[in-house]
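I opened a notebook for this structure and wrote down each thing I looked up. The entries follow in the order I made them.

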Amino acid sequence: MSDEEEEEEEAGNSEYYMSEDEESPDDAEGDDDGEDDDDDADDDDEGYGNAMSAIEHHVVPRAAYHCFGSQEVMTKQAEAVARVVAVLQINSDEATQLLRAFKWNVNRVHDEWFQNEEGVRAKVGLFPVDCAMDVSESEHQVTCGVCFDEFPASGINHVGCKHSFCGTCWKGYLDNALAEGPSCLNLRCPQDKCTSRVTEDMARRYLGPEGAAKLSTFQWRSWVDDNPKVKWCTGAGCENVVEIGNGTAGEGPVDVQCTCGTSFCWSCQEEAHRPVDCETVRKWLIKNSAESENMNWILANTKPCPECKRPIEKNMGCMHMTCSQCKNEFCWMCQGKWSDHGERTGGFYACNRYEQVKDGGAFSQEEKRRAMAKHSLERYTHYYERWAAHGSSHVKANVDLKEMTDTKIQMLGDLQNTPVSQLKFVIDAMQQIAECRRILKWTYGYGFYNMEEDGIKKKFFEFIQADAEVTLERLTEAVETELSLYFAEEKPATDFADFRGRLAGLTSVTCKYFKTLVKELEEGLKGVGAEAE
């Protein structure tokens, strides 16, 4: 870029920056993976402008993780098995079983083995070294422990424990175990209380081609299923895995993103949900799907018939109610007998008795409970509707991002005579929009559980939440409105350069704002309200 173009870009960006020390658009473009550069750690920008001027800008740490596919899983698994075989001088089947038992931790396998080989063998189901399996044929007849048929004794009919079973029973036993899933990898002898492990050779001897293929799938997938440092991507149909760095797992919510585009929380494997902790997400999702809200609706919008106690919903203006079940006639307001009502009590559309009780503050416990349920329902509805709305916007943002990446970015480059490599600022902006939609979505789950009481902290939370929405809408409008003009016709190069500067500047400001928002919410807005006290 020429010096003249750089000056134009800086001039275009200045109106979007909240302080003179804000990060440059070029820096924003370089930080495309959500991680913060070391320089940002010392940045003194006020991410919230005037709203957050008293709060120090924090950098959100990102976990070091690696995404890869099934072929690399098999390679890593084979390398781990080879290391154990080389050190312990055992066969690969025994090494694989040891690794599964110790969560694929090679160092732990070595330590436990050399400390107590006999105990490890007993725990995993491996036979002692001096216990050789007899595979020779014999004319001696034995009885199958399942069907009680007699057949010639042979080492291939037991796993070394001398509990013999015929081939038909072995096949049925193994097929049933495969149907139960990956637990078949820890299969033991069918004899009651026998802990001897069924070896891979024994299993493959009696399984058909389909069963053997299924066993192989369970075996290579066990490197992920039993490994605490590796988890499957939660994306639909995705077979990729994510391996996280040491010292990161187990420290609360850690957002990771697979190469397929799916973002999820490493700790709970729900969708990515920072700044909300995993327990709050669990409670919120259960609440959204539980029957508790149905009960709240019933309490808030119906009343029980005074006679038969069935819930009744009032769907017209008149206070004169007639139960459809027991035909009892009563007043909706005070639930007294309708025969006691008339013009003196307010007639069909009012109830002076109820108003007098209400004005006197003598609500019944039932009415108080109903009023609380109605308030609770209204509060939940407020947060849920906004949570769902931002969730829908997040989905749309991801769809738009994929469409831009797959087809539209090339169209834009052709029309504006710009290489696709120089259009990364558009992708960065759309990625930022999708990420911010997700964050805003979960701020409503955060607010529902953490902002129950009115006060300074709640007012401040709602203020910065609304301010974040305004900040995001500016970026969204630039992408959805201004960018569309450059898909209509070729524009002068200077105009497109100005737009690039503005969009990169907006992306940078929005990114810094939301990073600060996430960090402060994760810390509970601990600096808010302290000065007032």
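What share of the contacts in the protein with a separation of 6 or more comes from residues 24 or more positions apart? I found 58%, where contact means heavy atoms within 4.5 Å.

**Ground rules.** I am reading a predicted model, in which local features need pLDDT of at least 70 and side-chain atom pairs count only at pLDDT 80 or more, while totals for chains, interfaces and linings use all residues. Residues are numbered from 1 along each chain as its sequence is written, and side-chain values use heavy atoms, with hydrogens and water left out.

**Overall counts.** I listed 17 helices and 11 strands. Helices (H or I, at least four residues) and strands (E, at least two) are DSSP runs, numbered from the N terminus. The protein has 533 residues, and 43% of them count as buried. Buried means under 20% relative accessible area, exposed means over 50%, and partly exposed is in between (1.4 Å probe, protein chains only). I noted an accessible surface of about 28800 Å² for the protein, with 49% of it belonging to carbon and sulfur atoms. These areas come from the Shrake-Rupley method with a 1.4 Å probe; for residues, only the protein chains shown count as cover.

**Helices α11 and α15.** Two packed helices are described by the angle between their axes and the distance between the axes. I looked up α11 (residues 278-289) and α15 (residues 424-450): they pack at about 90 degrees, and their axes are 10 Å apart. That angle makes α11 roughly perpendicular to α15. Axes are lines fitted to C-alpha atoms, for helices over the stretch in contact, and angles run from 0 to 180 degrees between N-to-C directions. Angles of 65 to 115 degrees count as roughly perpendicular, under 35 as roughly parallel, over 145 as roughly antiparallel and the rest as oblique.

I then listed the residues that meet. From α11 they are T280, V281, K283, W284, L285 and K287, and from α15 they are W442, G445, F448 and Y449. By class, this contact holds six nonpolar, two polar and two charged residues. Here Ala, Val, Leu, Ile, Met, Phe, Trp, Tyr, Cys and Pro count as nonpolar, Asp, Glu, Lys and Arg as charged, and the others, Gly among them, as polar.

I picked H390, which lies in α14 (residues 365-415). H390 is buried, at 10% relative accessible area. With its neighbours within four places in sequence left aside, H390 is in contact with R437, L440, K441, Y444 and E469.

From α15 I took A434, which is buried with a relative accessible area of 4%. Leaving aside neighbours within four places in sequence, I found A434 in contact with H394, A397 and N398. A434 and L401 are 33 residues apart in sequence, and their C-alpha atoms are 8.1 Å apart in space. N398 belongs to α14 and counts as partly exposed at 33%. From N398 to E435, 37 residues along the chain, the C-alpha separation is 9.1 Å.

**Cysteines.** How many disulfides does a search of the whole structure find? The search finds zero, a disulfide being a pair of cysteine sulfur atoms within 2.5 Å. I checked C144: its closest cysteine sulfur is in C169, 3.6 Å away, too far for a bond. For C169 the closest cysteine sulfur is in C166, at 3.4 Å, and this is also too far for a bond. C144 is buried at 1% relative accessible area, and C169 is buried at 17%.

**Backbone.** Most residues other than glycine have a negative phi, and most peptide bonds are trans. I noted a cis peptide bond from R274 to P275, with omega near 15 degrees. P275 sits in the loop between β7 (263-265) and α11.

W104 has a positive phi, near 60 degrees. W104 is in the loop between α5 (92-101) and α6 (106-115). Is W104 buried or exposed? At 7% relative accessibility, W104 is buried.

K193 has a positive phi too, near 70 degrees. The loop that holds K193 runs between α8 (167-179) and α9 (200-206). K193 is exposed, with a relative accessible area of 77%.

**Last entry.** Y206 is found in α9 and is buried at 14%. Its C-alpha lies 6.9 Å from that of G167, 39 residues away along the chain.
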